[in-house]
Amino acid sequence: MESYALLFAATLNAGTVLAIASLGLLINEKAGVVNLGAEGMMLCAALAGFATVVHTGSTALGFLAGMGAGALLAAIFGVLVIWLNTNQYATGLALSLFGAGFSAFAGTRYVQETLPEQVRWAIPVLADIPVLGAALFRHHPMVYGCVAIALGLIWFLYRTRAGLVLRSVGESPESAHALGYPVRRIRLMAVMAGGALCGLAGAYVATVYTPLWVEGMIAGKGWIALALTTFATWRPARVLLGAYLFGGVTMLQFHLQAIGVQVPSQFLTMLPYLATVVVLVLISRNPTWIRINMPSSIGKPFYPGS
């Protein structure tokens, strides 16, 4: 039972990275903007977070640095696609390539650096419960913060006027503009908020999840997070569940190896990406379901004068 508790704990930890990034991308897409640059933003944020912790010793400052890096790159992306009407998909891919290259270049001096020893987090009393304690109550606060972010986003999107305005900008920007809402500014703020969450996910990877810096350490998590928004049909609660599902698939490879299952390691390594492709294929079989849930103007430029 203890091994299964540890597998569940690892699933929550791995799912946290995907969930935070996916929630950020969901905010973007609810406003009608597709950002394919998540991988690049997460890499730059991972470097910014790691470097900040190396120089300051503060994980909290590392998280803030990661969020700032993600928001800055997202702002540049937002200006290009929202004001200059560049193609969202091409610009996002360019951002992803830029982030990968820049982080590899700027992070060279941090490859051998180590972070201060981390505090072992545990909720008093609850952490001592057999099996459940190891599975649920010995995590970094960001694991629980991820659930709080998802719940806060649900409340914001479906229970507040600002959330309604954001969704209206994604569904019908022309109507929102006719009612006097600054569509472009709202989209830019949404893009920056999404970038900040992607940055937080990247910083979490480099400072907590695997506390080190190596080139390309995000290893496709940005692309999986992008797929998760479609998998979850743009619903925050489903994003959370999907992230833990993919996190479980990622950790399953290590669990199977630990118990001696004779499966080629290459096959186990590709499991998360195979699961992503399979899920997207299954969802795409029902275009009506996608059309009902997908914001109508997603990926389309907005021209105020039209």
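**Questions about a predicted model**

Guide: In this predicted model, N28 has its place in helix α1, which covers residues 2–30.

Visitor: Why is N28 called buried?

Guide: Buried means under 20% relative accessible area. N28 has a relative accessible area of 1%, so N28 counts as buried.

Visitor: Which residues does N28 touch, not counting those up to four places away in sequence?

Guide: N28 touches V33, N35, A190, V191 and G194.

Visitor: What makes α3 roughly antiparallel to α4?

Guide: Helix α3 spans residues 59–83 and helix α4 spans residues 88–106; their axes come within 10 Å and cross at roughly 155°. Angles over 145 degrees count as roughly antiparallel, and therefore α3 is roughly antiparallel to α4. The crossing of the two helices is right-handed.

Visitor: Which residues of α3 and α4 meet?

Guide: From α3 there are L73, F77, L80 and V81, and from α4 there are Q88, T91, G92, L95 and F98. The residues of this contact divide into 6 nonpolar, 3 polar and no charged.

Visitor: Where does T86 lie, and why is T86 called partly exposed?

Guide: T86 lies in the loop between α3 and α4. Its relative accessible area is 28%. Buried means under 20% and exposed means over 50%, so T86 falls in between and is partly exposed.

Visitor: What is T86 in contact with, leaving aside its neighbours within four places in sequence?

Guide: T86 is in contact with L80, V81 and T91. As for P301, which is 215 residues apart from T86 along the chain, the C-alpha atoms of T86 and P301 are separated by 8.2 Å.

Visitor: How many salt bridges does a search of the whole structure find?

Guide: The search finds 1 salt bridge. R109 forms a salt bridge with E113.

Visitor: What makes the pair R109 and E113 a salt bridge?

Guide: The closest N and O atoms of R109 and E113 are 3.9 Å apart. A salt bridge needs a side-chain nitrogen of Lys or Arg within 4 Å of a carboxyl oxygen of Asp or Glu, so this pair qualifies.

Visitor: Why does R109 count as exposed?

Guide: R109 has 51% relative accessibility, and exposed means over 50%, so R109 counts as exposed.

Visitor: How do you know whether E113 is buried, partly exposed or exposed?

Guide: E113 has a relative accessible area of 29%. That value lies between the cut-offs of 20% and 50%, so E113 is partly exposed.

Note on methods: Residues numbered from 1 in each chain as written. Predicted model: local features only at pLDDT ≥ 70, side-chain atom pairs only at ≥ 80, totals over all residues. Heavy atoms only, no water. Axes fitted to C-alpha atoms, helices over the stretch in contact; angles between N-to-C directions. Helix = DSSP H or I, 4+ residues; strand = E, 2+ residues; numbered from the N terminus. Parallel < 35°, antiparallel > 145°, perpendicular 65-115°, else oblique. Left-handed = near helix turned anticlockwise from the far one by under 90°. Contact = heavy atoms within 4.5 Å. Nonpolar A, V, L, I, M, F, W, Y, C, P; charged D, E, K, R; others polar. Buried < 20%, exposed > 50% of the residue type's maximum accessible area, 1.4 Å probe, protein only.
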